[in-house]
Amino acid sequence: MDSKTALYIVKRLILAVFTVWVVITITFFVMRAVPGGPFLSEKAISPAAQAQLEAKYGMDKPLMTQYFTYLKDVVTRMDFGPSLKQRGRQVIEIISDGMRTSAKLGVIAAVAALISGVVLGAFAALRRNKLIDRIIMVITTAFVSMPSFIVGTLLLVLFAMVLHWLPANGSTGRGLILPIVTLALYPMAYITRLTRSSMLDVLGQDYIRTARAKGVSKRAVLFKHALKNALIPVITYFGPMLAYIVTGSLVVEQIFAVPGIGRQFVSSITNRDYPMIMGTTIILATLIVIMNLVSDILYKIVDPRINLE
């Protein structure tokens, strides 16, 4: 690693810390500016009982005091505090449990989307304007256009309720197949279209024609030159996409009752569970920032001519 690359990584890490701090600050104050509170939904709660609950969780203190206390706990101990609704459980514990499922679900879906998308995109580019190219483009356009809740519902009805091939509940091993397919279809279709357009652009470059004129084999031209350079836009998309998928699709986890972090995030918003909302938001923001940095570093590995500044 040269000095410029190392300096770039240090700058990005500093920017990453600043970005996460901005997310924490905005989320903290906006969340508390919304009318209502986490204890208003309690049945027949008296003002005295509400005051006791607020004192127990430190919500009776001035807002700025709460903010700096929370920030200190997160930075020094990675402590997101206790859940206000799942009594007796810490937010970090709930997130860890949910991430075990969401990470497995997301990584499998992301890798499947990447491999299938690159293969289909490269194949479509090599068969440009042929029947197979048109079929691939029609299918991928359909998947890009369809929201995940539509795709998930269709798969659920077809394979779980009509054919009875797979369970509808995502809490079992076989039950994760439909959520994985649902999560993978959109990024697979997008990567296919991205790879195809990038591949066509690379195949028209002068250095590709020069390589062919020098007698370089078709396989070497395709894999060593064309596909390698065509993957740069795919890397740009794949980093943030992986972070989003790993943290769990809110809609998909709801449809298939997957006990992941996305489902916990939805319930925390519904229940106004402030610490849970903050914890999941911070984890999502951190993963996105990290994956963006990883994507930039992969640029340098794929194409050493790229300067990271």
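M78 lies in the loop between α3 and α4, where helices (H or I, at least four residues) and strands (E, at least two) are DSSP runs numbered from the N terminus. This is a predicted model, in which local features need pLDDT of at least 70 and side-chain atom pairs count only at pLDDT 80 or more, while totals for chains, interfaces and linings use all residues. Residues are numbered from 1 along each chain as its sequence is written, and side-chain values use heavy atoms, with hydrogens and water left out. The points below cover loop residues, a helix pair, aromatic rings and salt bridges.

**Loop residues with positive phi**

- Phi of M78 is near 50 degrees, a positive value in a residue other than glycine.
- M78 is partly exposed, with a relative accessible area of 44%; buried means under 20%, exposed over 50%, and partly exposed in between (1.4 Å probe, protein chains only).
- N129 also has a positive phi without being glycine, with a value near 65 degrees.
- The loop that holds N129 runs between α4 and α5.

**Helices α4 and α7**

- Two packed helices are described by the angle between their axes and the distance between the axes.
- Helix α4 (residues 91-126) and helix α7 (residues 177-203) have axes that come within 6 Å and cross at roughly 35 degrees.
- These axes are lines fitted to C-alpha atoms, for helices over the stretch in contact, and the angles run from 0 to 180 degrees between N-to-C directions.
- The crossing of α4 and α7 is right-handed; a crossing is right-handed if the near helix is turned clockwise from the far one by less than a right angle, and left-handed if anticlockwise.
- The contact of α4 with α7 has 21 nonpolar, five polar and one charged residues.
- In these classes, Ala, Val, Leu, Ile, Met, Phe, Trp, Tyr, Cys and Pro count as nonpolar, Asp, Glu, Lys and Arg as charged, and the others, Gly among them, as polar.
- L178 is found in helix α7, and with a relative accessibility of 3% L178 counts as buried.
- Between the C-alpha atoms of L178 and R193, 15 residues apart along the chain, the separation is 23 Å.

**Aromatic rings**

- There are nine aromatic pairs in the structure; rings of Phe, Tyr and Trp (its six-membered ring) pair if their centres lie within 6.5 Å, and planes under 30 degrees apart count as stacked, over 60 as edge-to-face and the rest as tilted.
- F28 and F29 form an edge-to-face pair, because their ring centres are 5.4 Å apart and their planes are at 80 degrees.
- F28 is buried at 1% relative accessibility, whereas F29 is partly exposed at 25%.
- The pair of Y186 and Y190 is stacked, because the ring centres are 6.3 Å apart and the planes are at 25 degrees.
- Both Y186 and Y190 lie in helix α7, four residues apart, about one turn of the helix.
- Y186 is partly exposed at 37% relative accessibility, and Y190 is partly exposed at 33%.
- One aromatic cluster is formed by F28, F29, Y67, F68 and Y70.
- R32 lies over the face of F28, at 3.9 Å from the ring centre; a charge sits over a ring if NZ of Lys or CZ of Arg is within 6 Å of the ring centre and within 35 degrees of the ring normal.

**Salt bridges**

- Side chains of opposite charge can pair when their charged atoms come close.
- The structure holds six salt bridges, each a side-chain nitrogen of Lys or Arg within 4 Å of a carboxyl oxygen of Asp or Glu.
- One of them joins R77 and D73 (2.9 Å, N to O).
- R77 and D73 are separated by about one helical turn, because they are four residues apart in helix α3 (residues 63-77).
- R77 is exposed, at 54% relative accessibility.
- R89 and D97 meet in a salt bridge at 2.6 Å, N to O; R89 is partly exposed at 25% relative accessibility, and D97 is partly exposed at 32%.
- R196 and D133 form a salt bridge at 2.8 Å, N to O.
- That pair links distant parts of the chain, with R196 in helix α7 and D133 in helix α5 (residues 131-145), 63 residues apart.
- Both R196 and D133 are buried.
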